[in-house]
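Okay, thanks for coming, everyone. Let me put the model up and walk you through a few spots.

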Amino acid sequence: MSQNPDPQNSNSAPPRRVRVKICGLTRSEDVREACRLGADALGFVFYPPSPRAVTIAQAEALLAEVPPFVTTVGLFVNPTPDEVESVLERVPLDLLQFHGDEPPELCRRFARPYLKALRVRPGLDLLELARCYPDAKGLLLDADSAVWGGSGRAFDWNLIPPGLPCPVVLAGGLTPETVAEAIARVRPWAVDVSSGVEAAKGIKCPQKMAAFFAAVTRGMR
Ligand SMILES: O=C(O)c1ccccc1N[C@@H]1O[C@H](COP(=O)(O)O)[C@@H](O)[C@H]1O
């Protein structure tokens, strides 16, 4: 595997920090703690089958806790346009994350930038798939599993090809124990974690979140 080139910096740019997204937040105290620890982005799941799903009303309350300069991300899995629009009417999200099999036309039809999640498996031509989403702000790489996401499963980072055309958000089974090595090997733009910092599904563990941020810092050295 070659390292992921940083498409937003030239090769001579100084090292920069890796952004952290904490996903699957359902409680105000977890939102506050993630921000206190330095989260760059927070993910809110609008996919009812997920144990981390939030309603529009819950999301409105959770976003009220978010300080400036923290990006709020709404996660959807194969939504209808109306489902996304009804969330956007009431929840002031900054970014959309499409985590299913959404075609490019769906992803780009809303008045928000988007991340496209791709489920990595042997034989998948990630470069070709990535080219289908030229306007994505980033590609979120997750494990391929029986559930759509939040599985806690990692994938083989060797399957990430060099030359992906936009920033890579590395996800899939990251934990405080694995994220430093993941950053050192893949050099992603950002990392995304959900189950690896939980005490129970939808409930974040402050100690695990703190350990995750410390490990991210170690991984950047
Ligand atoms: O978190 C969920 O419940 C979820 C549901 C449906 C699609 C995606 C979901 N979460 C995303 O999955 C990845 C990996 O999560 P994990 O760290 O392995 O638990 C991450 O991008 C979450 O945003």
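Predicted model: local features only at pLDDT ≥ 70, side-chain atom pairs only at ≥ 80, totals over all residues.

Let's begin with the ligand: how far is an oxygen atom of the ligand from an N or O atom in the side chain of Gln-97? The answer is 3.4 Å, which falls inside the cut-off for a polar contact, a pair of N or O atoms within 3.5 Å.

Numbering runs from 1 along each chain as its sequence is written, and side-chain values use heavy atoms, with hydrogens and water left out.

Ser-50 has a polar side-chain atom 2.6 Å from a ligand oxygen, and for Arg-52 the corresponding distance is 2.7 Å. On its own the ligand exposes 510 Å², and the protein buries 99% of that (Shrake-Rupley areas, 1.4 Å probe).

Who's around it? There are 23 residues around the ligand, and the ones that come nearest are Ser-50, Arg-52, Gly-150, Asp-192 and Ser-195. "Around" here means a heavy atom within 4 Å. By type, the shell splits into 8 nonpolar, 11 polar and 4 charged residues, with Gly counted as polar. Strand 6 (138-143) and strand 8 (190-193) each supply at least two of the shell residues; strands are DSSP runs of E, at least two residues, and helices are H or I, at least four, numbered from the N terminus.

Glu-198 sits in strand 9, residues 198-200. Is Glu-198 buried or exposed? It counts as buried, because its relative accessibility is 7% (buried is under 20%, exposed over 50%, partly exposed in between, with a 1.4 Å probe and protein chains only). A polar atom of the Glu-198 side chain lies 2.8 Å from the backbone nitrogen of Gly-202.

Last stop, the aromatics. The whole structure has 4 aromatic pairs: ring centres within 6.5 Å, with planes under 30 degrees apart called stacked, over 60 edge-to-face, and the rest tilted. Phe-46 and Phe-76 are stacked, 5.4 Å centre to centre with 15° between the planes. Phe-46 is in the loop between strand 2 (41-45) and helix 2 (56-63), while Phe-76 is in strand 3 (residues 71-76), 30 residues away. Both Phe-46 and Phe-76 are buried. Phe-76 also pairs with Phe-98, this time tilted, at 6.3 Å and 35°. Phe-76 belongs to strand 3 and Phe-98 to strand 4 (residues 95-98), so this pair ties together parts 22 residues apart in sequence.

Phe-98 is at 0% relative accessibility, so it counts as buried too. Its contacts beyond four places include Pro-79, Val-84, Leu-106 and Ala-117. Put together, Phe-46, Phe-76, Phe-98, Phe-110 and Tyr-114 form one aromatic cluster.

Definitions and conventions:
Polar contact = N/O pair within 3.5 Å; in protein donor to acceptor, adjacent residues only side chain to side chain. Phe/Tyr/Trp six-rings, centres within 6.5 Å; stacked < 30°, edge-to-face > 60°. Contact = heavy atoms within 4.5 Å.
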